[in-house]
Amino acid sequence: YQDGEEEERANFDEGGKLSFIDIIKKNIREKEGLELEAYKPDKTEEHYTIGFGHYGPDVKEDAVITEKEAEQYLEQDVVSRLDEISSNYKNYSSFPTDLKVAMFSEYYRGSLTPKQSPTTQRLINEGKYRQAADEFLNNDEYRNAEALGIPGIRPRMEAVSNSLRKYADTL
């Protein structure tokens with residue numbers, strides 16, 4: 001095996017497909033990017049971010065980590081948030097993969113948590129997917145993303161809205 005090839009093969013199931021957790025981790029790596037030094041993407045943030053979007057009081061202003069440590073944070077964050085999103089969105093596990101990945105990406109970022117989007121959560125749990133799609137984009141963070149210096153969140157949020165609509169069309 002070439003370096004890393006054995007580890008990469010371990011991420012596939014017997015049918016040659018990536019496991020769901022690995023699909024999510026791949027998505028988060030792509031969306032968040034890798035930062036080995038602590039930073040604040042938005043000056044109003046309470047805490048610092050490091051690695052692949054690892055955020056919280058445990059990240060100190062002058063923190064520097066390795067890529068291996070970033071992967072460890074990613075694994076911990078994905079596993080814990082997967083449990084959270086599954087308990088906060090009652091039908092999450094039965095949604096199509098594209099919707100689950102889009103929702104997870106925004107849950108990971110914090111915008112689909114019950115604290116940030118209680119109405120969207122309620123609408124999704126009630127099966128009102130089109131209304132949830134509209135409601136999710138009806139917020140100041142989405143509208144003011146450019147001014148806040150975080151324009152990259154808009155496509156992620158739109159992916160949730162679009163996936164909710166697409167799912168509603170199948171019902």
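These are my notebook entries on a predicted model of one protein chain.

**Ground rules**

I number residues from 1 along each chain as its sequence is written, and I leave out hydrogens and water, with side-chain values resting on heavy atoms.

**Entry 1: the whole chain**

I started with the secondary structure. I found nine helices and three strands. Here helices (H or I, at least four residues) and strands (E, at least two) are DSSP runs, numbered from the N terminus. Along the sequence I read the pattern α-α-β-β-β-α-α-α-α-α-α-α. The radius of gyration is 17 Å, close to the 16 Å that the globule rule gives for 171 residues, so the chain is as compact as a globular protein of that length. That radius is taken over C-alpha atoms, and the rule is 2.2 Å times the number of residues to the power 0.38.

I then looked up the box that the C-alpha atoms fill. Along the principal axes, it is roughly 45 × 45 × 25 Å. Of the 171 residues, 39% count as buried. My cut-offs are under 20% relative accessible area for buried, over 50% for exposed, and partly exposed in between (1.4 Å probe, protein chains only).

Next came contacts, meaning heavy atoms within 4.5 Å. Among contacts with a separation of 6 or more, 48% join residues 24 or more positions apart.

I also noted the surface. The accessible area is about 10100 Å², and carbon and sulfur atoms hold 46% of it. Areas come from the Shrake-Rupley method with a 1.4 Å probe; for residues, only the protein chains shown count as cover.

**Entry 2: the core**

Which residues have the most contacts inside the largest nonpolar core? They are Y92, M103 and F104, in a core of 39 residues. Such a core is a set of buried Ala, Val, Leu, Ile, Met, Phe, Trp, Tyr and Cys residues joined through side-chain atoms within 4.5 Å. Among the elements that each supply at least two residues of this core are helix 2 (20-32), strand 2 (48-51), helix 3 (67-88) and helix 9 (153-170). I followed M103 further. Leaving out residues up to four places away in sequence, M103 touches I85, Y89, Y92, F95, L112, I124 and V160.

S105 sits in helix 4 (residues 97-109). S105 counts as buried because its relative accessibility is 4%. Beyond four places in sequence, S105 touches N27, I28, K31 and R156.

P114 is in the loop between helix 4 and helix 5. At 29% relative accessibility, P114 counts as partly exposed. With residues up to four places away set aside, P114 touches N88, Y107 and Q121. I also took the C-alpha separation of P114 and K17: it is 32 Å, for 97 residues along the chain.

**Entry 3: helix 5**

Which residues of helix 5 are buried? I list T120, Q121, L123, I124 and N125. The buried residues of this helix pack against helix 3, helix 4, helix 6 and helix 9. T120 has 2% relative accessibility and so counts as buried. Its contacts, leaving aside neighbours within four places in sequence, are L112, A132, E135 and F136. After helix 5 comes G127, with a positive phi near 80°.

R130 lies in helix 6. Is R130 buried or partly exposed? Its relative accessibility is 45%, so R130 counts as partly exposed. Not counting residues up to four places away in sequence, R130 touches R165, A168 and D169.

F20 belongs to helix 2. At 23% relative accessibility, F20 counts as partly exposed. Beyond four places in sequence, F20 touches L82, Y92, T97, K100 and V101. F20 and D62 are 42 residues apart in sequence and 33 Å apart, C-alpha to C-alpha.

Terms used:
This is a predicted model: local features need pLDDT of at least 70, side-chain atom pairs count only at pLDDT 80 or more; totals for chains, interfaces and linings use all residues.
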